[in-house]
Amino acid sequence: MAVGSCFFWTLMGMLAVLCEATEETVAAPEKDEPMFGVLDIVLIVALLGIAGWWIFKRKDDSSSKPVYTIQPTTLGAPSQQTGENSFIKKLKSSGRSLVAFYGSQTGTGEEFAGRIAKEGIRYHLKGMVADPEEYEMGELINMKDIPKSLAVFCLATYGEGDPTDNAMDFYEWLQNGEADLTGLNYAVFGLGNKTYEHYNAVAIYVDKRLEELGATRVFQLGLGDDDA
């Protein structure tokens, strides 16, 4: 656009000069002169030269513009599952039979789960600690395939009787699913506070629901009171 403006104003200036020269020619006494004077020829040649340069410049600019092409995108093959979210595989590969799940908002439930996993060694149960948010909890149906296996749930109640954030999916899975948990041995320990209305509501529900789905309770529900 800058080159175009320069050309436009140059052309206008030359036309102005041409008009002035024409007026002077008209005012002068009539003489037998040729149709085009020397100045006219110079101006015409200059205009033709500028016009030719402008046309050549535009062609050169258009030819120098980069040409963009759209290349098809090749999507990589989806990565295969590595089994890292399978607590069953981890139990089998490490020779463990005890898994302690925790639902914790502040870390207390995780701490208790860790203690239980360590204490299991005293009873010949090698254990692991597991965050239910990181594993496929539907695999609880396969716990029966591990000899003398046990699943312990250390669950805190949060807010208005709600599960903690990391136990929310597991809680909803129990509510909405109808899995057959026959052969699953379990125990539930709740972490709550009696000063709250919904004291240990999550642990009470999970303990009851696991039994409804066919699991075997091996120890009575434990209710921890933080206010005691």
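Analyst: Welcome! Helices here are DSSP runs of H or I with at least four residues, strands are runs of E with at least two, and both are numbered from the N terminus. By that scheme, Gly 192 belongs to strand S5, residues 185-192. This is a predicted model, in which local features need pLDDT of at least 70 and side-chain atom pairs count only at pLDDT 80 or more, while totals for chains, interfaces and linings use all residues. Numbering starts from 1 along each chain as its sequence is written, and side-chain values use heavy atoms, with hydrogens and water left out.

User: Why is Gly 192 called buried?

Analyst: Its relative accessibility is 12%. Buried means under 20% relative accessible area, exposed over 50% and partly exposed in between (1.4 Å probe, protein chains only), so Gly 192 counts as buried.

User: What is Gly 192 in contact with, beyond its neighbours within four places in sequence?

Analyst: Taking contact as heavy atoms within 4.5 Å, the partners are Tyr 199, Asn 200, Gly 224, Asp 225 and Asp 226. Leu 223 lies 31 residues away along the chain, yet its C-alpha atom is 7.3 Å from that of Gly 192.

User: Which residues lie nearest the centre of the largest pocket?

Analyst: Gly 192 is one of them, along with Ala 156, Thr 157, Leu 191 and Asp 226, in a lining of 23 residues. H4, S3, S5 and S7 each give at least two residues to that lining.

User: What makes S1 and S2 a pair?

Analyst: Two strands pair if DSSP finds at least two bridges between them. S1 (residues 98-103) and S2 (residues 127-130) have four, in the parallel sense, so they qualify.

User: Why do the buried residues of H3 line one face of the helix?

Analyst: Phe 87, Ile 88 and Leu 91 are the buried residues in H3, residues 87-94. Seen down the helix axis they fall within an arc of 105°, so they line one face; the arc is taken from the directions from the axis to the C-beta atoms. The buried residues pack against S1 and S2, whereas exposed Lys 89 and Ser 93 sit on the face turned away from the buried side.

Technical notes
1 Å grid on protein atoms, 1.4 Å probe; cavity = no way out; pocket = protein on both sides within 12 Å on 5 of 7 lines; lining within 4 Å.
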